[in-house]
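Me: Please take me through this model in short questions. I would like to know how each answer is reached.

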Amino acid sequence: MDTGRKIPVPGRKPIWHVVKSALSLSGWMVAVLTFAQTGRLETEKGLMEAIAPFDVDQRTSILIASEYPKVITQVRNSQLQTAESFQKMIGHFRQKKQEWFYTITRYPELMHRLAVLPPKQTKNDVSKLLPHQEPELQEAAWHVYKNEHKNLVTLDNMRMKANSEFEKSITHLPSPAREAFHRLQMKPDVLALLTNNVDLASRLGERYRNNPSEVTAQLASLHDNLEIQNQRDAAAFKKQMEQDPKAMKELRQASGAYGTNPYYNSPYYYPYSFWFGYPYWYSYPMWYPGMFWYYPGFYFGLGGLYGFPSYGFSFWFYNGGYYQRYPHLYRQFGIYYRDNATRAGLATTVSSRGFINVATSHYRPEARMSSNSPFLYNRPSNVPHLNNVNPTSRFTPHPFQTQSRGYIGGRAGAMGAGFGSGFHGGLHGHR
(Lines give C-alpha, C1' and ligand atoms only; values in the text may rest on other atoms or scores of the structure.)
Protein backbone atom coordinates (compact mmCIF):
# COMPACT_ATOMS: atom_id res chain seq x y z
CA MET A 1 0.00 0.00 0.00
CA ASP A 2 1.22 3.45 -0.84
CA THR A 3 1.10 5.06 2.58
CA GLY A 4 2.18 8.41 1.19
CA ARG A 5 -0.81 8.65 -1.16
CA LYS A 6 -3.28 11.46 -0.71
CA ILE A 7 -7.01 10.77 -0.82
CA PRO A 8 -8.14 11.46 -4.43
CA VAL A 9 -10.07 14.62 -5.14
CA PRO A 10 -13.73 13.78 -5.81
CA GLY A 11 -14.64 14.31 -9.44
CA ARG A 12 -11.28 13.37 -10.88
CA LYS A 13 -12.04 9.67 -10.59
CA PRO A 14 -15.25 7.64 -10.38
CA ILE A 15 -16.58 7.96 -6.87
CA TRP A 16 -16.16 4.24 -6.13
CA HIS A 17 -12.40 4.57 -6.61
CA VAL A 18 -12.43 7.46 -4.18
CA VAL A 19 -14.36 5.39 -1.64
CA LYS A 20 -12.04 2.41 -2.06
CA SER A 21 -9.00 4.63 -1.54
CA ALA A 22 -10.44 5.98 1.70
CA LEU A 23 -11.32 2.50 2.94
CA SER A 24 -7.85 1.21 2.09
CA LEU A 25 -6.17 3.97 4.06
CA SER A 26 -8.62 3.38 6.89
CA GLY A 27 -7.69 -0.31 6.93
CA TRP A 28 -4.01 0.53 7.06
CA MET A 29 -4.58 2.92 9.95
CA VAL A 30 -6.49 0.21 11.80
CA ALA A 31 -3.57 -2.15 11.36
CA VAL A 32 -1.14 0.38 12.76
CA LEU A 33 -3.40 1.12 15.70
CA THR A 34 -3.64 -2.60 16.37
CA PHE A 35 0.13 -3.01 16.35
CA ALA A 36 0.52 0.01 18.59
CA GLN A 37 -1.33 -1.61 21.44
CA THR A 38 1.51 -3.96 22.25
CA GLY A 39 4.82 -5.09 20.78
CA ARG A 40 4.13 -8.71 21.62
CA LEU A 41 1.03 -10.79 21.06
CA GLU A 42 -0.07 -13.79 23.08
CA THR A 43 -1.92 -15.97 20.60
CA GLU A 44 -1.83 -16.91 16.95
CA LYS A 45 -5.36 -15.54 16.69
CA GLY A 46 -4.05 -12.19 17.90
CA LEU A 47 -1.37 -12.25 15.23
CA MET A 48 -3.94 -13.08 12.55
CA GLU A 49 -6.13 -10.18 13.68
CA ALA A 50 -3.13 -7.84 13.59
CA ILE A 51 -2.29 -8.89 10.04
CA ALA A 52 -5.85 -8.87 8.68
CA PRO A 53 -6.31 -5.10 8.14
CA PHE A 54 -3.51 -4.96 5.55
CA ASP A 55 -4.12 -5.36 1.84
CA VAL A 56 -3.65 -8.72 0.13
CA ASP A 57 -0.10 -8.05 -1.11
CA GLN A 58 1.10 -7.05 2.34
CA ARG A 59 -0.60 -10.04 3.96
CA THR A 60 1.02 -12.37 1.47
CA SER A 61 4.47 -10.95 2.19
CA ILE A 62 3.94 -11.48 5.91
CA LEU A 63 2.81 -15.08 5.41
CA ILE A 64 5.73 -15.93 3.15
CA ALA A 65 8.24 -14.39 5.55
CA SER A 66 6.70 -16.24 8.50
CA GLU A 67 7.80 -19.52 6.88
CA TYR A 68 11.39 -18.61 7.78
CA PRO A 69 11.57 -18.09 11.57
CA LYS A 70 15.35 -18.53 11.61
CA VAL A 71 15.72 -15.59 9.27
CA ILE A 72 13.31 -13.53 11.37
CA THR A 73 15.42 -14.36 14.43
CA GLN A 74 18.61 -13.31 12.62
CA VAL A 75 17.00 -10.04 11.61
CA ARG A 76 15.80 -9.50 15.17
CA ASN A 77 19.28 -10.05 16.62
CA SER A 78 20.83 -7.70 14.09
CA GLN A 79 18.25 -5.03 14.89
CA LEU A 80 18.82 -5.32 18.64
CA GLN A 81 22.60 -5.01 18.20
CA THR A 82 22.28 -2.02 15.89
CA ALA A 83 19.79 -0.24 18.15
CA GLU A 84 22.01 -0.85 21.18
CA SER A 85 25.04 0.61 19.41
CA PHE A 86 22.97 3.59 18.34
CA GLN A 87 21.83 4.21 21.91
CA LYS A 88 25.38 4.03 23.20
CA MET A 89 26.39 6.64 20.65
CA ILE A 90 23.64 9.18 21.35
CA GLY A 91 22.61 8.29 24.91
CA HIS A 92 24.73 11.00 26.57
CA PHE A 93 23.34 13.77 24.36
CA ARG A 94 20.53 16.02 25.47
CA GLN A 95 17.16 14.93 24.17
CA LYS A 96 16.96 17.58 21.46
CA LYS A 97 20.19 16.39 19.87
CA GLN A 98 19.04 12.78 20.12
CA GLU A 99 15.89 13.83 18.32
CA TRP A 100 17.98 15.21 15.46
CA PHE A 101 19.70 11.86 15.06
CA TYR A 102 16.39 9.99 15.13
CA THR A 103 15.09 12.35 12.45
CA ILE A 104 18.08 11.63 10.22
CA THR A 105 17.53 7.86 10.54
CA ARG A 106 14.22 8.33 8.71
CA TYR A 107 16.12 9.35 5.56
CA PRO A 108 18.83 6.74 4.78
CA GLU A 109 19.81 8.28 1.44
CA LEU A 110 20.16 11.70 3.01
CA MET A 111 22.14 10.17 5.87
CA HIS A 112 24.66 8.77 3.41
CA ARG A 113 24.89 12.00 1.40
CA LEU A 114 25.57 14.01 4.54
CA ALA A 115 28.12 11.45 5.76
CA VAL A 116 30.17 11.72 2.55
CA LEU A 117 29.65 15.47 2.14
CA PRO A 118 32.98 17.33 2.52
CA PRO A 119 33.31 19.47 5.67
CA LYS A 120 32.62 23.19 5.89
CA GLN A 121 29.72 23.19 3.44
CA THR A 122 27.10 25.91 3.87
CA LYS A 123 23.63 25.53 5.29
CA ASN A 124 22.26 26.14 1.82
CA ASP A 125 24.39 23.28 0.45
CA VAL A 126 22.91 20.94 3.04
CA SER A 127 19.39 22.20 2.37
CA LYS A 128 19.70 21.28 -1.31
CA LEU A 129 20.14 17.63 -0.35
CA LEU A 130 16.89 17.39 1.59
CA PRO A 131 13.90 15.49 0.13
CA HIS A 132 11.61 18.22 1.51
CA GLN A 133 12.06 21.50 3.34
CA GLU A 134 10.17 20.81 6.56
CA PRO A 135 11.81 22.88 9.33
CA GLU A 136 12.29 19.86 11.57
CA LEU A 137 14.39 18.11 8.93
CA GLN A 138 16.29 21.29 8.02
CA GLU A 139 17.27 21.78 11.64
CA ALA A 140 18.30 18.16 12.20
CA ALA A 141 20.32 17.84 8.99
CA TRP A 142 22.24 21.07 9.52
CA HIS A 143 23.10 20.56 13.18
CA VAL A 144 24.10 16.91 12.79
CA TYR A 145 26.23 17.65 9.72
CA LYS A 146 27.86 20.72 11.23
CA ASN A 147 28.47 19.54 14.80
CA GLU A 148 28.34 15.72 14.79
CA HIS A 149 29.80 14.69 11.46
CA LYS A 150 31.97 11.96 12.97
CA ASN A 151 28.98 10.38 14.65
CA LEU A 152 27.01 10.84 11.46
CA VAL A 153 29.60 8.75 9.60
CA THR A 154 29.41 6.12 12.35
CA LEU A 155 25.63 6.08 12.05
CA ASP A 156 25.80 5.57 8.30
CA ASN A 157 28.27 2.72 8.77
CA MET A 158 25.88 1.08 11.25
CA ARG A 159 23.11 1.32 8.70
CA MET A 160 25.20 -0.19 5.91
CA LYS A 161 26.37 -3.01 8.17
CA ALA A 162 22.80 -3.83 9.23
CA ASN A 163 21.63 -3.82 5.62
CA SER A 164 24.54 -6.07 4.63
CA GLU A 165 23.67 -8.55 7.38
CA PHE A 166 20.05 -8.44 6.28
CA GLU A 167 20.96 -9.27 2.70
CA LYS A 168 23.25 -12.06 3.88
CA SER A 169 20.49 -13.59 5.99
CA ILE A 170 18.06 -13.83 3.05
CA THR A 171 20.50 -14.63 0.24
CA HIS A 172 19.82 -18.38 0.41
CA LEU A 173 16.03 -17.97 0.23
CA PRO A 174 13.99 -18.54 -2.93
CA SER A 175 13.18 -15.44 -4.91
CA PRO A 176 9.56 -14.97 -3.62
CA ALA A 177 10.80 -15.08 -0.01
CA ARG A 178 13.61 -12.59 -0.67
CA GLU A 179 11.10 -10.24 -2.30
CA ALA A 180 8.75 -10.62 0.67
CA PHE A 181 11.47 -9.69 3.16
CA HIS A 182 12.52 -6.75 1.01
CA ARG A 183 8.95 -5.45 1.00
CA LEU A 184 8.69 -5.87 4.77
CA GLN A 185 11.99 -4.07 5.28
CA MET A 186 10.24 -0.95 3.99
CA LYS A 187 7.54 -1.36 6.67
CA PRO A 188 9.32 -1.23 10.04
CA ASP A 189 6.12 -1.62 12.04
CA VAL A 190 5.22 -4.85 10.23
CA LEU A 191 8.72 -6.30 10.36
CA ALA A 192 8.85 -5.48 14.07
CA LEU A 193 5.56 -7.33 14.51
CA LEU A 194 7.25 -10.49 13.24
CA THR A 195 10.55 -10.03 15.09
CA ASN A 196 8.68 -9.38 18.35
CA ASN A 197 6.60 -12.52 17.89
CA VAL A 198 8.96 -15.09 16.39
CA ASP A 199 7.27 -18.13 17.95
CA LEU A 200 3.80 -17.08 16.82
CA ALA A 201 5.12 -16.20 13.37
CA SER A 202 6.78 -19.62 13.18
CA ARG A 203 3.51 -21.40 13.95
CA LEU A 204 1.65 -19.26 11.47
CA GLY A 205 4.29 -19.96 8.84
CA GLU A 206 4.01 -23.69 9.43
CA ARG A 207 0.24 -23.52 9.00
CA TYR A 208 0.67 -21.50 5.83
CA ARG A 209 3.23 -23.94 4.46
CA ASN A 210 0.91 -26.90 5.07
CA ASN A 211 -2.29 -25.27 3.88
CA PRO A 212 -1.74 -21.88 2.21
CA SER A 213 -5.24 -21.59 0.78
CA GLU A 214 -6.87 -22.07 4.18
CA VAL A 215 -4.75 -19.45 5.95
CA THR A 216 -5.11 -17.01 3.06
CA ALA A 217 -8.88 -17.46 3.10
CA GLN A 218 -9.06 -16.91 6.87
CA LEU A 219 -7.14 -13.64 6.59
CA ALA A 220 -9.26 -12.54 3.64
CA SER A 221 -12.41 -13.23 5.66
CA LEU A 222 -11.10 -11.26 8.64
CA HIS A 223 -10.13 -8.42 6.33
CA ASP A 224 -13.55 -8.33 4.68
CA ASN A 225 -15.30 -8.36 8.06
CA LEU A 226 -13.25 -5.35 9.10
CA GLU A 227 -14.18 -3.52 5.90
CA ILE A 228 -17.87 -4.30 6.45
CA GLN A 229 -17.63 -2.97 9.99
CA ASN A 230 -15.96 0.18 8.70
CA GLN A 231 -18.70 0.75 6.12
CA ARG A 232 -21.48 0.19 8.66
CA ASP A 233 -19.85 2.60 11.06
CA ALA A 234 -19.45 5.25 8.37
CA ALA A 235 -23.04 4.81 7.17
CA ALA A 236 -24.45 5.18 10.68
CA PHE A 237 -22.35 8.26 11.33
CA LYS A 238 -23.39 9.80 8.01
CA LYS A 239 -27.08 9.18 8.72
CA GLN A 240 -26.82 10.84 12.12
CA MET A 241 -24.95 13.87 10.77
CA GLU A 242 -27.41 14.39 7.90
CA GLN A 243 -30.15 14.88 10.47
CA ASP A 244 -28.39 17.99 11.77
CA PRO A 245 -27.41 20.37 8.90
CA LYS A 246 -25.76 22.80 11.33
CA ALA A 247 -23.52 20.05 12.69
CA MET A 248 -22.71 18.92 9.14
CA LYS A 249 -21.73 22.48 8.24
CA GLU A 250 -19.48 22.64 11.28
CA LEU A 251 -17.92 19.30 10.35
CA ARG A 252 -16.92 20.80 7.00
CA GLN A 253 -15.49 23.83 8.75
CA ALA A 254 -13.61 21.72 11.27
CA SER A 255 -12.23 19.52 8.51
CA GLY A 256 -10.90 22.60 6.74
CA ALA A 257 -9.33 23.96 9.91
CA TYR A 258 -7.72 20.60 10.66
CA GLY A 259 -6.32 20.25 7.15
CA THR A 260 -4.70 23.69 7.05
CA ASN A 261 -2.85 23.29 10.34
CA PRO A 262 0.73 22.24 9.43
CA TYR A 263 1.08 20.70 12.89
CA TYR A 264 -1.12 17.85 11.69
CA ASN A 265 0.35 17.37 8.22
CA SER A 266 3.93 16.22 8.68
CA PRO A 267 5.23 13.72 6.07
CA TYR A 268 4.60 10.56 8.08
CA TYR A 269 5.43 8.36 5.10
CA TYR A 270 9.11 8.63 6.06
CA PRO A 271 9.16 6.11 8.92
CA TYR A 272 11.84 5.72 11.52
CA SER A 273 14.44 3.11 10.62
CA PHE A 274 13.74 -0.48 11.63
CA TRP A 275 17.40 -0.80 12.59
CA PHE A 276 17.56 2.18 14.92
CA GLY A 277 13.98 2.20 16.18
CA TYR A 278 11.64 5.02 17.13
CA PRO A 279 12.60 7.48 19.93
CA TYR A 280 12.75 5.64 23.21
CA TRP A 281 10.89 8.40 25.05
CA TYR A 282 7.71 7.41 23.26
CA SER A 283 5.69 5.10 25.47
CA TYR A 284 4.16 3.51 22.37
CA PRO A 285 5.60 2.29 19.05
CA MET A 286 5.33 5.33 16.80
CA TRP A 287 7.18 4.36 13.63
CA TYR A 288 5.46 6.98 11.44
CA PRO A 289 5.71 10.51 12.89
CA GLY A 290 2.54 12.48 12.33
CA MET A 291 0.67 9.35 11.24
CA PHE A 292 -2.27 9.85 13.57
CA TRP A 293 -2.57 13.50 12.58
CA TYR A 294 -2.38 13.27 8.80
CA TYR A 295 -5.76 11.84 7.82
CA PRO A 296 -9.06 13.24 9.20
CA GLY A 297 -10.75 9.89 8.46
CA PHE A 298 -13.58 11.42 6.42
CA TYR A 299 -14.12 13.67 3.43
CA PHE A 300 -16.95 15.15 1.40
CA GLY A 301 -17.57 13.75 -2.07
CA LEU A 302 -20.35 13.74 -4.67
CA GLY A 303 -22.57 11.67 -2.39
CA GLY A 304 -21.96 13.76 0.70
CA LEU A 305 -20.03 12.56 3.71
CA TYR A 306 -17.72 9.53 3.53
CA GLY A 307 -15.76 7.89 6.32
CA PHE A 308 -15.51 8.42 10.07
CA PRO A 309 -13.44 10.81 12.25
CA SER A 310 -9.95 9.41 12.73
CA TYR A 311 -7.96 9.28 15.94
CA GLY A 312 -5.94 12.33 14.86
CA PHE A 313 -8.97 14.46 14.03
CA SER A 314 -10.72 13.39 17.24
CA PHE A 315 -7.66 14.19 19.34
CA TRP A 316 -7.39 17.60 17.67
CA PHE A 317 -11.09 18.30 18.19
CA TYR A 318 -11.25 17.40 21.87
CA ASN A 319 -7.77 17.83 23.30
CA GLY A 320 -7.02 20.90 21.21
CA GLY A 321 -10.12 22.60 22.57
CA TYR A 322 -11.72 22.98 19.14
CA TYR A 323 -14.97 21.46 20.40
CA GLN A 324 -15.68 24.91 21.81
CA ARG A 325 -15.81 26.41 18.32
CA TYR A 326 -18.29 23.90 16.91
CA PRO A 327 -21.15 23.45 19.43
CA HIS A 328 -23.53 21.62 17.08
CA LEU A 329 -20.85 19.18 16.01
CA TYR A 330 -19.82 18.75 19.63
CA ARG A 331 -23.39 17.82 20.52
CA GLN A 332 -23.61 15.23 17.71
CA PHE A 333 -20.29 13.70 18.69
CA GLY A 334 -21.58 13.44 22.25
CA ILE A 335 -24.76 11.74 21.11
CA TYR A 336 -22.80 9.26 19.03
CA TYR A 337 -20.54 8.50 21.96
CA ARG A 338 -23.50 8.08 24.32
CA ASP A 339 -25.23 5.67 21.93
CA ASN A 340 -22.18 3.61 20.97
CA ALA A 341 -19.48 3.68 23.64
CA THR A 342 -21.05 1.01 25.84
CA ARG A 343 -22.60 -1.13 23.14
CA ALA A 344 -19.69 -3.56 23.05
CA GLY A 345 -17.09 -2.26 25.42
CA LEU A 346 -15.31 0.95 24.51
CA ALA A 347 -14.58 0.11 20.87
CA THR A 348 -17.68 -0.96 18.96
CA THR A 349 -16.23 -1.27 15.49
CA VAL A 350 -12.82 -0.84 13.97
CA SER A 351 -13.19 2.56 12.33
CA SER A 352 -14.72 4.19 15.43
CA ARG A 353 -12.07 2.87 17.81
CA GLY A 354 -9.86 5.94 17.68
CA PHE A 355 -12.78 8.33 18.15
CA ILE A 356 -14.24 6.31 21.03
CA ASN A 357 -10.95 6.28 22.91
CA VAL A 358 -10.36 10.01 22.56
CA ALA A 359 -13.98 10.79 23.43
CA THR A 360 -13.78 8.52 26.45
CA SER A 361 -10.77 10.41 27.76
CA HIS A 362 -12.76 13.62 27.32
CA TYR A 363 -16.08 12.57 28.85
CA ARG A 364 -14.70 10.01 31.28
CA PRO A 365 -11.13 11.01 32.23
CA GLU A 366 -10.85 8.14 34.70
CA ALA A 367 -11.15 5.68 31.79
CA ARG A 368 -8.76 7.41 29.39
CA MET A 369 -6.12 4.63 29.44
CA SER A 370 -8.43 1.93 28.13
CA SER A 371 -7.03 -1.26 26.68
CA ASN A 372 -7.95 -0.05 23.21
CA SER A 373 -5.91 3.12 23.35
CA PRO A 374 -3.32 3.34 20.57
CA PHE A 375 -0.98 4.88 23.14
CA LEU A 376 -1.13 1.96 25.54
CA TYR A 377 2.02 0.00 24.85
CA ASN A 378 3.99 -2.51 26.86
CA ARG A 379 7.61 -2.01 25.97
CA PRO A 380 9.46 -5.30 25.46
CA SER A 381 11.57 -6.09 28.51
CA ASN A 382 14.80 -6.09 26.50
CA VAL A 383 14.34 -2.52 25.31
CA PRO A 384 15.57 -0.14 28.03
CA HIS A 385 14.14 3.24 28.92
CA LEU A 386 17.37 5.21 28.93
CA ASN A 387 18.30 8.32 30.88
CA ASN A 388 15.04 8.22 32.85
CA VAL A 389 13.41 10.42 30.24
CA ASN A 390 9.71 10.99 30.73
CA PRO A 391 8.02 9.56 27.60
CA THR A 392 5.69 12.56 27.38
CA SER A 393 8.30 15.23 28.09
CA ARG A 394 8.70 15.93 24.39
CA PHE A 395 5.07 16.77 23.95
CA THR A 396 3.92 20.38 24.03
CA PRO A 397 0.58 20.98 25.75
CA HIS A 398 -2.08 23.03 24.05
CA PRO A 399 -3.02 26.26 25.83
CA PHE A 400 -6.55 24.86 26.13
CA GLN A 401 -5.21 22.09 28.35
CA THR A 402 -4.57 24.53 31.18
CA GLN A 403 -8.25 25.16 31.68
CA SER A 404 -9.98 24.16 34.88
CA ARG A 405 -11.63 20.78 34.95
CA GLY A 406 -15.01 22.30 35.61
CA TYR A 407 -15.40 23.92 32.20
CA ILE A 408 -17.19 21.06 30.51
CA GLY A 409 -19.69 20.71 33.33
CA GLY A 410 -22.00 23.24 31.76
CA ARG A 411 -21.89 21.35 28.49
CA ALA A 412 -23.08 18.00 29.81
CA GLY A 413 -26.73 18.92 29.65
CA ALA A 414 -26.43 20.10 26.04
CA MET A 415 -24.94 16.73 25.17
CA GLY A 416 -28.05 15.02 26.42
CA ALA A 417 -25.76 12.48 28.00
CA GLY A 418 -24.54 13.64 31.37
CA PHE A 419 -21.19 11.90 30.92
CA GLY A 420 -19.57 13.98 33.62
CA SER A 421 -17.23 16.88 33.33
CA GLY A 422 -13.58 17.55 33.04
CA PHE A 423 -11.11 18.49 30.38
CA HIS A 424 -7.90 16.60 31.07
CA GLY A 425 -4.39 17.16 29.93
CA GLY A 426 -3.92 13.62 28.73
CA LEU A 427 -1.30 12.70 26.17
CA HIS A 428 -0.23 15.53 23.95
CA GLY A 429 0.25 15.45 20.21
CA HIS A 430 3.77 15.60 18.82
CA ARG A 431 5.86 16.13 15.80
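Me: Where is the place of Lys 120?
Reply: This is a predicted model, with residues numbered from 1 along each chain as its sequence is written, and its side-chain values use heavy atoms, leaving out hydrogens and water. Local features need pLDDT of at least 70, side-chain atom pairs count only at pLDDT 80 or more, and totals for chains, interfaces and linings use all residues. Helices (H or I, at least four residues) and strands (E, at least two) are DSSP runs numbered from the N terminus. In these terms, Lys 120 is in the loop between α6 and α7 (123–127).

Me: Is Lys 120 buried or exposed?
Reply: Buried means under 20% relative accessible area, exposed over 50%, and partly exposed in between, with a 1.4 Å probe and protein chains only. Lys 120 is not a glycine, although its phi is positive at about 65 degrees. Its relative accessible area is 83%, so Lys 120 is exposed.

Me: How many helices does the protein chain have?
Reply: Of the 431 residues in the protein chain, 55% are buried. The secondary structure includes two strands. The number of helices is 19.

Me: Which residues touch the most other members of the largest nonpolar core?
Reply: A nonpolar core is a set of buried Ala, Val, Leu, Ile, Met, Phe, Trp, Tyr and Cys residues joined through side-chain atoms within 4.5 Å. The largest has 70 residues, and a second, separate core of 31 residues includes Tyr 258, Leu 305, Tyr 322 and Ala 341. In the largest core, the residues asked for are Phe 86, Phe 101, Ile 104, Leu 114, Leu 155 and Phe 181.

Me: At what angle do helix α2 and helix α12 pack?
Reply: Two packed helices are described by the angle and the distance between their axes. Axes are lines fitted to C-alpha atoms, for helices over the stretch in contact (heavy atoms within 4.5 Å), and angles run from 0 to 180 degrees between N-to-C directions. The axes of α2 (residues 44–51) and α12 (residues 198–210) are 9 Å apart, and the angle is about 80 degrees.

Me: Are α2 and α12 roughly parallel or roughly perpendicular to each other?
Reply: Angles under 35 degrees count as roughly parallel, over 145 as roughly antiparallel, 65 to 115 as roughly perpendicular, and the rest as oblique. The contact is made by Glu 44, Leu 47, Met 48 and Ile 51 of α2 and Leu 200, Ala 201, Arg 203, Leu 204 and Arg 207 of α12. The two helices are therefore roughly perpendicular.

Me: Which residues does Ala 201 touch?
Reply: Ala 201 lies in helix α12 and is buried at 1% relative accessibility. Not counting residues up to four places away in sequence, Ala 201 touches Leu 47, Ser 66, Ile 72 and Leu 194.

Me: How many polar residues does the contact of α14 with α16 have?
Reply: Helix α14 (residues 245–260) packs on α16 at about 100 degrees, with axes 11 Å apart. The contact joins Leu 251, Ala 254, Ser 255, Ala 257 and Tyr 258 of α14 to Gly 312, Phe 313 and Trp 316 of α16. Ala, Val, Leu, Ile, Met, Phe, Trp, Tyr, Cys and Pro count as nonpolar, Asp, Glu, Lys and Arg as charged, and the others, Gly among them, as polar. There are six nonpolar residues, no charged ones, and the polar residues number two.

Me: How far apart in space are Pro 309 and Phe 237, C-alpha to C-alpha?
Reply: Pro 309 is in the loop between β2 (304–307) and α16 (311–319). It is buried, with a relative accessible area of 0%. Pro 309 and Phe 237 are 72 residues apart in sequence, and their separation in space is 9.3 Å.
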